[in-house]
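Please look through the report below alongside the sequence and the model.

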Amino acid sequence: MTNKIEVSWKGNMLFESVAPEGSVMIDAAEDVGGQGKGLRPKAMMLTALAGCSAMDVASLLKKMRAEVENFKIEVVANLTDEHPKIYDKVHVIYRFYGSDFKKDKIEKSVNLSVERYCGVFEMFRQFSNISHEIVYIAQ
């Protein structure tokens, strides 16, 4: 299977990335000529990581009948100081909101995403020390 996107220059440091499923704007920081009109490329990487795992977890929770009121994923990443700057440490925090959590099924869904299904998680393993944790917030 082949994936394809096209990135088009929109002036200054603004670009539009178009895929068959939709588009997203990419921009640089203002101190390097950007205008703040889009995500930065490295933020898009973290978004892809969280989004990939979020889709897995949502699907698995539904299949396991362990749905929660809400969940959020936060990704905290350390960027190296030297060029090329890369994320050498990445920590993914899964926050589940609700009551009467089916913790065994929630943990199984997260672990299946992290260890088996999320290809972006596997890609990050190739260049960073990646970890995760699960947090429950009773409401």
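## A pair within helix 3

Arginine 125 and glutamate 122 both belong to helix 3, where they are 3 residues apart, about one turn of the helix. Helices here are DSSP runs of H or I with at least four residues, strands are DSSP runs of E with at least two, and both are numbered from the N terminus. The two residues form a salt bridge, with 2.9 Å between the closest N and O atoms. A salt bridge means that a side-chain nitrogen of Lys or Arg is within 4 Å of a carboxyl oxygen of Asp or Glu.

Arginine 125 is partly exposed, because its relative accessibility is 31%. Glutamate 122 also counts as partly exposed, at 38%. Buried stands for under 20% relative accessible area, exposed for over 50%, and partly exposed for the range in between, with a 1.4 Å probe and protein chains only.

## How the model is read

This is a predicted model, in which local features need pLDDT of at least 70 and side-chain atom pairs count only at pLDDT 80 or more, while totals for chains, interfaces and linings use all residues. Residues are numbered from 1 along each chain as its sequence is written, and side-chain values use heavy atoms, leaving out hydrogens and water.

## The other salt bridges

The structure holds 3 salt bridges. In one of them, the side chains of arginine 95 and glutamate 74 meet at 2.5 Å, N to O. Arginine 95 lies in strand 5 and glutamate 74 in strand 4, so this pair ties together parts that are 21 residues apart in sequence. Arginine 95 is partly exposed, with a relative accessible area of 26%, and glutamate 74 is partly exposed at 33%.

Lysine 10 and glutamate 16 also meet in a salt bridge, at 3.6 Å from N to O. Lysine 10 has 47% relative accessibility and therefore counts as partly exposed.

## The hairpin

Strand 1 (residues 6-9) and strand 2 (residues 15-19) pair in the antiparallel sense over 4 bridges; pairing requires that DSSP finds at least two bridges between two strands. Serine 8 has glutamate 16 in strand 2 as its bridge partner. The two strands form a hairpin with 5 residues between them, and glycine 11 in the turn has a positive phi of about 110°.

## The sheet and its helices

An open sheet is formed by 3 strands in the order 4-5-6, with mixed pairing. Strand 4 (70-79) and strand 6 (129-138) stand at the edges with a single partner strand each, so one side of each has no neighbour in the sheet. Strand 5 (residues 87-98) and strand 6 run parallel and are joined by 10 bridges. Tyrosine 94 stands opposite isoleucine 134 in strand 6.

Helix 1 (residues 41-63) lies across strand 4, strand 5 and strand 6, at about 150° to strand 4. Helix 2 (residues 103-117) packs on the sheet, touching strand 5 and strand 6, and its direction makes about 155° with that of strand 6. Such angles run from 0 to 180 degrees between N-to-C directions, with axes fitted to C-alpha atoms, for helices over the stretch in contact.

## The nonpolar core

The largest nonpolar core has 24 residues, and among those with the most contacts inside it are Leu49, Val90 and Phe124. Such a core is a set of buried Ala, Val, Leu, Ile, Met, Phe, Trp, Tyr and Cys residues joined through side-chain atoms within 4.5 Å. Helix 1 gives the largest share, 7 residues.

Which residues does valine 90 touch, not counting residues up to four places away in sequence? Its contacts (heavy atoms within 4.5 Å) include Leu49, Val75, Phe124 and Ile130.
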